[in-house]
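This report describes a two-chain model from the whole chains down to single residues. The sequence and the coordinates are shown first.

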Amino acid sequence: MAGNNPNSKPMNLTLKVWRQKNTKATGRLETYQVKDISPEMSFLEMLDVLNEDLLRSGQDPIAFDHDCREGICGMCSLYINGRAHGPERGTTTCQLHMRKFADGDTITIEPWRATPFPILKDLAVDRSALDRIQQAGGYISVNTGGVPDANEIPIPKSIADKAFDAATCIQCGACVAACKNGSAMLFTSAKVSQLAMLPQGKVERKTRVENMVAQMDIEGFGSCTNIGSCAAECPVGISLENIAMLNREFISAKLTSENL
Amino acid sequence: MILDSKIPEGPLAEKWDKHKFNVKLVNPANKRKYDIIVVGTGLAGASAAATLAELGYNVKAFCFQDSPRRAHSIAAQGGINAAKNYQNDGDSVYRLFYDTIKGGDYRAREANVYRLAQVSVNIIDQCVAQGVPFAREYGGLLANRSFGGAQVSRTFYARGQTGQQLLLGAYSALNRQIAYGKVKMYPRTEMLDLVMVDGKARGIVTRHLITGEIQSHSAHAVILATGGYGNVFFLSTNAMGSNATAAWRAYKKGALFANPCFTQIHPTCIPVSGGYQSKLTLMSESLRNDGRVWVPKAVGDNRAPGDIPEAERDYFLERKYPSFGNLVPRDVASRNAKLACDEGRGVGTTKLAVYLDFADAIKRDGLDAISQKYGNLFEMYAKITGENPYEQPMRIYPAVHYTMGGLWVDYNLMTTVPGLYATGECNFSDHGANRLGASALMQGLADGYFVIPYTIGDYLAQMPAARIEPTHPAFKEAEAAVRADVDRLLSINGTRTVDEFHKALGQIMWDYCGMARNAEGLQFAKKEIQKLRAEFWNDVKVVGTNEELNITLEKAGRVADFLELGELMVDDALNRNESCGGHFREEYQTPENEALRDDENYTYVAAWEYTGPNQQPALHKEELKFENVKLTQRSYK
């Protein structure tokens, strides 16, 4: 069955895939050949095909994280040919399609590499450090119930739209993987600025930024040196402006800190 | 067994308030003595876990993903309904209630649905207070759009990512409680059994997906918020990991499973492109606000869409349903798309697709306006298909999306197992035979934020606070059974992969228990599933060990459960000799091919009881009483 393009020809590819038994084991790149790959396939479907072949011959399939396969859950990762989420801009690995590659290509597939993201197996890494940054302050402290009517807090559309843009971060960790310092600034700043922009979030803005930045340091993420590869590789287009906003929030919080 | 729905007495509009007053309360100082397990961290689970922790209970929350924020609620696109009537267009709690009952083809409980409509307004307030960036008008107030099955604009949205933003709101509330130590979070952990002590749910057995560790967790009550079972079909809009294992294992421990054959086939998904296809991607229903659905009038018209003149196009939804047009409910839209393709008027190379065309909307409102509303959906479509939907119509086809059936629950959302609750898509209670668009998010959050926090207290207030340790023999026994299942899967070492079995099951389900069903096909499917299940246990190939990240082993356990659940869906579809909502039995249709209900004989919830391995389940009926709404033939003409 062909998709929309009946002329698309199947491809044969060479894959170099990082295999690592567990966190402690030493890993290495293994070479695999995949044949008759349809350009209509997604990148992960291509890996599914390889895994089915491996299984049939009694070999351990390649472990990689994935879930929604719609580019929104943030569970997929993969460093493809030296790029976080592969060659297509603004695209998660699960939305990357094989039509972006050519017959005969060699594709190198590695896990996210950053100290706070230990490898669990093959291409799957532990990103729980990002959850802990969120737990340090990525919320507005309201309990369920007892809140005002939704329309009692008018928010200018331009602010709401900007807050939305920051809120679309999918927590995949590509920004960290793409950064030569392994910094989580883009990730952290997205949440800090979303909540700092909204009237509901202003109450806790100082403690929030202080606590989230502190947690970032505890987890061992590197410093930001304004290279910008994070934003360039971000699959959902989180803007560098958020980092500027975080810095502004952080300095102003420190100057007038309530954490005495 | 008598199914007691525990619907409170009194007029519809007063039932919930009255019930809230009548339920027993747990003293604030005593709440910390009670432990509650929440399985699943989507909208229903995360909201429940956070709210119960805020109240003072100790919560243990579990998800199989690496972070609670990845639960598949995150992928919901279009919006969330609420009877705010901010648009002054005639909406009300009663209208939302009525639309939902009618949309569900009169197979849902009045009292539950009315409560859902009532609390819908609180959900929006809660989410805004959490910082959820809903779409707004220039005056700073919230914007709305309309969805299928409604003639008012009551859907709140955050571009095409409403589920994401709502889940991140619930996730942030959950994070706050994790930081306080009131919620202990267990990511990458899968529930594999329910543990009962003295006839009550007292805990679960889990497997850690990285280490393989099998562990027991005890509590005073267990909430399953584990979503639906659409992945029985292999191809669906569910996430790859979405599964029915927790609900199914609870069923095997005595929780009744209600209306399993009620599955929703969503009309607007990107069509299948090949046999390697791993999942299907939804294009939000909101697109039907501006997109027009059509196929060529002539059979076998192979011209490009742009070459087909207006007069030779059939806008079949607008033609057949002039008052709702492209915004008919999902079951109606899906069935009509299938009919058009069955007639040989499908489009694209597979001929299993219809067009969803935005040319008129772009001409009317401009490219910018359309891109503002649907930009991310158009982008997603372009990435997957390699086509530009601004220039040529989208090709869409129905796909399995949601399951209205689920664990049977009473008005308190408790299953037939005392102390075991089911919320969100995991239960059956609110959507009848067809769910309206933007109502899944509403129900998940209603259950978690505003229903379960009240009703669970009623149960806990009546039980002693003494804890049962996970070293209790009931836990050890359940652990041993889980371990034995794992060992059995690992020891078969057959020749066929788990995915091969899953795909084979999906094909049977889609062909015989999908958009259209008939008795003969269903009987055939039942035998095929039994055969496939026997083959699975003889010939499946699972490599590796338990004590590692073993993706094949995880999948094998889930598919083993799907192979049983699929048969129950078929049983239920065979039993229901009528057509209603998403359940379309070809034998029962009107001359216009609409679903023909049999209210005299089937105005009931079919709740199935497990009776043992490979045994025919027992059917129990909960009669549905309609005291406020008159049952009519649904008409969207």
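The model is predicted. The table sets the two chains side by side.

| Chain | Helices and strands | C-alpha extent along principal axes | Buried residues |
|---|---|---|---|
| Chain A | eight helices, seven strands | roughly 60 × 45 × 35 Å | 52% of 260 residues |

Contacts in chain A between residues at least 6 apart in sequence join residues at least 24 apart in 72% of cases. In chain B, 74% of the contacts with a separation of 6 or more are between residues 24 or more positions apart.

## Contact between the chains

Chain B puts 70 residues in contact with 73 residues of chain A. On the chain B side, the elements that give two or more residues are α2 (43-55), α4 (110-130), α5 (162-180), α10 (367-385) and α15 (551-575). Of these, α5(B) gives the most, with nine residues. By class, the side of chain B that touches chain A holds 26 nonpolar, 28 polar and 16 charged residues.

## Domains of chain A

Chain A is assigned two domains: domain 1 covers 11-121 and domain 2 covers 128-255. Taken over C-alpha atoms, the centres of domain 1 of chain A and domain 2 of chain A are 29 Å apart. The contact between them draws on 18 residues of domain 1 of chain A and 16 residues of domain 2 of chain A. What classes of residue does domain 1 of chain A have on the side that touches domain 2 of chain A? That side of domain 1 has eight nonpolar, eight polar and two charged residues.

## Strands and a helix in chain A

Strand β1 (residues 11-19) of chain A has pairings with β2(A) and with β5(A). With strand β2 (residues 28-37) of chain A, the pairing is antiparallel and runs over eight bridges. Within β2(A), T31(A) is the residue that stands opposite K16(A). With strand β5 (residues 106-110) of chain A, β1(A) pairs in the parallel sense over four bridges. Here V17(A) is opposite I109(A) of β5(A).

Helix α5 (residues 185-197) of chain A consists of 13 residues. From first C-alpha to last, α5(A) reaches 17 Å, close to the 18 Å expected at 1.5 Å a residue. The helix is mostly covered, and 13 of the 13 residues of α5(A) are buried.

## A sheet in chain B

Five strands of chain B form an open sheet with antiparallel pairing, in the order β11-β15-β14-β12-β13. Which strands lie at the edges of this sheet? The edge strands are β11 (263-269) and β13 (313-314) of chain B, each of which pairs on one side only.

Within the sheet order, β14 and β12 of chain B are listed next to each other. Strand β12 (residues 292-296) of chain B and strand β14 (residues 354-357) of chain B are joined by three bridges in the antiparallel sense. D357(B), in β14(B), is the bridge partner of R292(B).

## Two loop residues with positive phi

R159(B) is not a glycine, yet its phi is positive, at about 40 degrees. The residue belongs to the loop between β4 (155-156) and α5 of chain B. Is R159(B) buried or exposed? R159(B) counts as buried because 25 C-beta neighbours lie inside 10 Å, and the cut-off for a buried residue is 20 or more.

N493(B), also a residue other than glycine, has a positive phi near 50 degrees. Its position is the loop between α12 (473-492) and α13 (498-512) of chain B. N493(B) has 12 other C-beta atoms within 10 Å, so this residue is exposed; the cut-off for exposed is 12 or fewer.

Definitions and conventions. Residues are numbered from 1 along each chain as its sequence is written. Chains are lettered from A and ligands numbered from 1 in the order in which they are written. This is a predicted model: local features need pLDDT of at least 70, side-chain atom pairs count only at pLDDT 80 or more; totals for chains, interfaces and linings use all residues. Domain bounds come from an automatic or database domain assignment. Two residues are in contact if their C-beta atoms, placed from the backbone, lie within 7 Å. Ala, Val, Leu, Ile, Met, Phe, Trp, Tyr, Cys and Pro count as nonpolar, Asp, Glu, Lys and Arg as charged, and the others, Gly among them, as polar. Two strands pair if DSSP finds at least two bridges between them. The expected span of a helix is 1.5 Å times one less than its number of residues.
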